[in-house]
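Please open the structure in your viewer and keep the selection tool at hand.

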Amino acid sequence: MTNLNLASEFPALEREDWRALVEASLKGRPFETLRKATADGIVIEPVYAAGHEAPALPAAPSRNTPDAWTLVQRADMPDVSSANTQMLDDLVNGATGISLVTPGSISAGASGVAITDSRSLQRFFDGVELDLIDLRLDGGRNGRDLALLILDEYKRRRLDLSRCRLTLGLDPLGAFAHGGKVTERDELSRRFGDMFNLAGDADHAGPVAQADTRVYHGAGCSEAQELGFALATSVEYLRMLEAGGIAPADAAARISMLVTADADQFVSIAKIRAARLLWARLLEVSELAPAPLTLHVETAARMMSRRDPHVNLLRGTTASFAAGIGGADSVTVLPFTHAMGLPDSFARRMARNIQSLLLEESRVGRVRDATAGSGHVEALTHDLARAGWGIFQAIEAQGGMMAALGNGKVHSLIDKVRVARNLDIARRKTPLTGVSEFPNLHEAPGKVLDMSVPADWSMAGTGLKSGMETCEPLQQHRLSEGFEALRDASDIHLKETGARPRIFLAELGKPADFTLRATWMSNLLASGGIDVVTGSPEEFSASKLDIACVCSSDAAYEDGALIAVQTLVQQGARRIMLAGKPGQLEDQLTAAGVQQFVHAGQNVLTLLDDISRLARGEAS
Amino acid sequence: MQDLIDRIVEKTGLAPDVAEKATGIMLSLVKTQGDKAKVTQLFDAIPGAGELAQLHGGDGARGGGLLGMLGGGLMGGPLAAVSKLQATGLNMDQIKVLGKETLGYAKEKAGEDLVKDVANSIPGISGYL
């Protein structure tokens, strides 16, 4: 049997050959225009050398379970028995883990299972075999009390906790960032240490503390910041636990991490791989024995849109694929209606099925670290790890994560990134499908459940009091909020007046001339909730509208833009715009009455806000 | 009641005021978590128990919102009680002695059957006994 070398039949190509072809197709544009940068300024090259040709890098450790990650579904319906029904449905239909979200959690929003005491907890777990599932607690500010109740429940059932998969998920710093208050340091260290000992005495061997980055991601942080904060939080917990009497080696084994994955697939993959690299490095410099990190990934709330919510199914798919490929031990997909309210059973089934398809049909979990050796992913992983370590050092220089939250350093780091990203979104340099691009103005509203947490809800616990540290709570935002506010205003206008805010698109010349820009313009307007009426400039007065936008090709503008504008002025247009850049015609057209030239690259959010207000009669 | 506290002071070496508070927390767990009728019966048999539970465990209002919180009670369950005892300054050995002595004392005063009934009505306690 001879080895076939199929590649030998093709001519050998060097990087320079490829580069020459690229230069030719760029037609004079510089090569650098093909480069992109992440929020941290990490450059993404158009092409990379194969991973094995790149300089030798340490391998990213991979998932702890070889065949599959744990498919985790959220339990967050306020009504305990509804939450129980939903959980049982999830567990018999593919979920292998449950994330119990109670109202104090940073991810609960207006929901969360309203567990008040051991009795309601028993009702919630009715029919669930706790030793067969992976249970993750997401109690937020009630984390400690919830953990105590749960441990009691395992004990009541006389389960061997050392064989159960239970993640207590205590994250006081995340709750601090979210709520602006936390027990003062010495007391927190002591309680943390006590909690570790209590869990240990109950034979619990899983993760107790969790460095959870969702609150930072929701506030707008970058990937490197997310990694840096996760690391700094872990180190802070190690320090607190040491002060609370727990040896670092014991503590390190019981800290887990929760990071996000979003619709940027490669960056998400690299981020998750980098988290493991950084953890390994942290143990190394702390002179602790190498130990795997328990890494959970939740798809990002920040990327979820209220408008065109079905696009969220694609976002969730991309993000959970990235999470799985990147090496998460467990993954939660937010249901596609998450941003709209409390997801119904259908949305939850879809979230579950996204992962079931990846795991059972595509068998994505069977390949260990599938992106290893990809030049792009390897380079990005290490760039992100380096940048993450830099952020970690910057936080340490402030005196650790708690101090950096207290003095606003974390806030200022995040703000800088968020402001830049928001500008990119407003300019549609970062497009949001279904929101800033390809919006559907006439979509039917999505369905969510109407169920709320009782106003007097509280969780039975120790009732311990203590002094508090304070910080500015990190406000949570979604990327699509700016556009959605305009769409909401449009909905209200429709309800009140029977029509959406509208403007007139004055189409000039033949369809071949105006179709491109008229379509572009009506899509842009729809992203701000503004409807259009189309017609020739002469038909403007019949439309009974105030605002007009002239749409056509550059050639047609040469011939007739000026006359069109004059016609619109004569017919009483209060505001005239023109789609496209005017070139040499600018002065003439401005003099004739064009107040705004609309083209790609502008801050369309302020433009749409302005037009929307005008069309709704709010401003002149 | 005082004789129980004295026993605990003797067996654990705790200061009398700490022993009193710890006993109060223990009784508060019973009061907030146990079957109401049975607990009333038990506390009637142990003079001072109800007052001590009230004093150190709060009013035990479950799910009582802000008022419950202000009462400082809201005892969640056995582990929450242990956690609160730890915060009071007891170590695990002392907590075990406290539990044993309180149980023994209750049996002396109210009889073994009633104490067992009350204990069985507290969710989760069986896992620790």
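Domain bounds, as used here, come from an automatic or database domain assignment. This is a predicted model, in which local features need pLDDT of at least 70 and side-chain atom pairs count only at pLDDT 80 or more, while totals for chains, interfaces and linings use all residues. Residues are numbered from 1 along each chain as its sequence is written, chains are lettered from A and ligands numbered from 1 in the order in which they are written, and side-chain values use heavy atoms, with hydrogens and water left out.

Begin with chain A. Select residues 10-51 for domain 1, 70-426 for domain 2 and 482-615 for domain 3. Between the C-alpha centres of domain 1 and domain 3 of chain A the distance is 39 Å.

Next, display chain A together with chain B. Their contact (heavy atoms within 4.5 Å) involves 25 residues from chain A and 28 residues from chain B. The two chains bury about 2200 Å² between them, with 54% of it on carbon and sulfur atoms; buried area is the accessible area (1.4 Å probe) that two parts lose on being put together, summed over both. Now select A:Arg119, A:Asp152 and A:Leu198, which supply 23% of the area that chain A buries against chain B, more than any other three residues.

Which helices of chain A each supply at least two residues of the side that touches chain B? Select H3 (118-124), H4 (143-156) and H6 (185-201) of chain A; helices are DSSP runs (H or I, at least four residues), numbered from the N terminus. The largest share, seven residues, comes from H4(A).
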